[in-house]
Every structure is written in C-alpha cells, then in structure tokens.
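Subject: Structure for your files

Hello,

Here is the structure I said I would pass on. My notes on it follow below.

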Amino acid sequence: MLSEVLLVSAPGKVILHGEHAVVHGKVALAVALNLRTFLRLQPHSSGKVDLNLPNIGIKRAWDVARLQLLDTSFLEQGDVTAPTPEQVEKLKEVAGLPDDCAVTERLAVLAFLYLYLSIFWKQRWTKEDLELINKWAFQGERVIHGNPSGVDNAVSTWGGALRYQQGKISSLKRPPALQILLTNTKVPRSTKALVAGVRNRLLKFPEIVAPLLTSIDAISLECERVLGEMGEAPALEQYLVLEELIDMNQHHLNALGVGHVSLDQLCQVTRAHGLHSKLTGAGGGGCGITLLKPGLEQPEVEATKQALTNCGFDCWETSIGAPGVSVHSATSLDSRVRQALDGL
C-alpha cells in the first residue's frame, strides 16, 4: 500500500513529421508535448478504490473486498500480458457502467481497472522502472485502441523525441526543447477514413503519391538530422530550416488529401504573424502546431494566440521535447496544477 500521497505526470504527444507516410513504412518523428496529465495516488481507509477523472466527467468507486473476489489468474503469468476478450468482458461487469455510457468513459474505466488489478495488486510498480511502466502503458493502450503502434506510450514514458518506422522505436539523442503553439481546430475527423483515403489515392495515382510519401520520409530524416545538430545551443539558421520543412510537409499533406479548410485558416493566420504551421496527426481538422523561434516577443505570441482564438480555435503555448513520466513533490508543482488536484 502507498504510505503517502504520490504525484505523477506524463507528457502528451504530437507527430512532428511523417503523418500518413509512416503507415506506408516511412519514418515518423513523435515528440513529447509539455501539456501534462497529472495523477494523484492517495491512500485512505474507506475500503474502496476511488477513480476521479474530472476532464471526462468520471467519478467511480469500487469495494476492495469485491475486487479481491475476482479471478485474477492472468496476473500469474509472470510478465506484462495483453487482456483477453473474456477478461475485458469481466471488467465490464465489475465496472458497472450504464449502457448509455460514452465510449471514452467506458474505455478509460476499463483501462484503469485492468492496470489496477494487474499492477497495484501485485505491488510491482516502481517509478524507477521505465521499461515496466512503458510495457504496462502499452497494455492500457491495447484496452483502448486494440492494436496501437506503441508510439503514444513510448513518448509519454521516455519523453524527448522518438523515431518510429515499421514497428521499431528509437529515441533521438538530446533533442532540443522547442517552443510551439498547439492549436485545436475543434473539427472532428476519422483517422481511419483519412488513412483509407491516402491508401486509395496511392492505388489510383501510384506514380504521383509514392514520390510524395518518399519526400515526406526525406523531410522526417532531414528534421531528425537538424534536431541532432541543434543540441543545447541551436542557431537561428537551424530554426529557419525547421520552418521550411514544416511548410513543405504541410503542402505534401494537402496533396495527399488530408488537409482541411480549418487547417488552411490556421496556417494563414500564423503566416500573417511571420510563423509557420502544419497539421499534426491524421489531419482533416484536429490539431496543428506552430513553431516559435527564439527571440520572438511575447506580445506577438499573444497576438497570434488571440487571432487563432478569434477563429474559434483553442490554443496553448507549450514546448516539445518534454521530460517523460515524472514523480513530483507537491511543492514543485505549478500553483494552477496544485489547485486543480486539491479540488478533486
């Protein structure tokens, strides 16, 4: 059992380059986003396990005694294991969620219960063992996504920047921390449909689309090279190269058919302020990233954020290349984070 409050955080993730091309065996670069999810673990004597996820409106509790009666034979296999369909169905019974529960809520609760029974029950979790954290985070992803790539959990565990190609994940050495704007256009889209659209376009126009994918691969590789050279003392010339790569990649993604008028608007607004943007992820709406060069005056950044907000978008100023999963003392946290956690 925990003897004191434990505060843990993990970063988010964005794709810097390689969207869609990665599906066809090309390189993608994923970076840790310093917009973090915080977890507070606190013991109490009520005989219940409480789960509170305020961002998606979940507040549930289960009797520890009831959880002890569950068949947890899958814990005896000695290693990190994927949940079977039978185990997932059993977890659904234990969760006790209503039939009209949103998919996001249901999957979040199932992932929590699976990891709680698998990890806390055996008391195997240690903050030092990043390999184990990464493996269990991947299993949580499997509960939610079914067949994930492993990139999301790897970036959140290790932080920094990762290279992904055909199932192989490796860390970039000493990537620089780059300041960006992350903008959510709030336009919903289907990743599955967008991926299928690129595949269909490749089948229809192979001599046109295949070179586009090869070119996106080259952009990812060039970006990897530049990031490796930037280290702790990046030069302005290197930022200019990154901006060119962003512009080229965005045009390529538009040619693949995964752009959207909202993303075009995002790029136009930031370009008017001398900044360079591209979509991140599947496209078709969703989010975009904007690179902020060193020396950019804060009033100009605020003006850009306001212009994007005026378009109906949500915008955050943050950084990429952030640390991975981390343990915090309460005094080390930002006051806003402390207030949010205290309000749970």
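The lining of the largest cavity is made up of 10 nonpolar residues and 2 polar ones, with no charged residues. Please keep in mind that this is a predicted model.

That cavity holds about 90 Å³ of space. Its lining consists of Leu16, His17, Leu178, Ile180, Cys223, Leu242, Leu245, Ile246, Ile289, Thr290, Leu291 and Ile320. In total, the model has 3 cavities of 30 Å³ or more.

On the cysteines, the count of disulfides is 0. Cys223, one of the lining residues, has a relative accessible area of 1% and is therefore buried, as this is under the 20% cut-off. Cys287 has a relative accessible area of 22%, so Cys287 counts as partly exposed.

For the chain as a whole, the secondary structure consists of 11 helices and 11 strands. The chain has 344 residues, and 42% of them count as buried. Of the contacts with a separation of 6 or more, 72% are between residues 24 or more positions apart. The accessible surface of the chain is about 17,900 Å², and carbon and sulfur atoms account for 53% of that surface.

Regards

Definitions and conventions. Residues are numbered from 1 along each chain as its sequence is written. This is a predicted model: local features need pLDDT of at least 70, side-chain atom pairs count only at pLDDT 80 or more; totals for chains, interfaces and linings use all residues. Side-chain values use heavy atoms; hydrogens and water are left out. On a 1 Å grid over the protein atoms alone, a cavity is a set of points where a 1.4 Å probe fits but cannot get out, and a pocket is an open set with protein on both sides within 12 Å along at least five of seven lines; lining residues have an atom within 4 Å of a point. Grid points are joined across faces, edges and corners, and a volume is the space filled by probe spheres set on the points. Ala, Val, Leu, Ile, Met, Phe, Trp, Tyr, Cys and Pro count as nonpolar, Asp, Glu, Lys and Arg as charged, and the others, Gly among them, as polar. A disulfide is a pair of cysteine sulfur atoms within 2.5 Å. Buried means under 20% relative accessible area, exposed over 50%, partly exposed in between (1.4 Å probe, protein chains only). Helices (H or I, at least four residues) and strands (E, at least two) are DSSP runs, numbered from the N terminus. Contact means heavy atoms within 4.5 Å. Accessible areas come from the Shrake-Rupley method with a 1.4 Å probe; for residues, only the protein chains shown count as cover.
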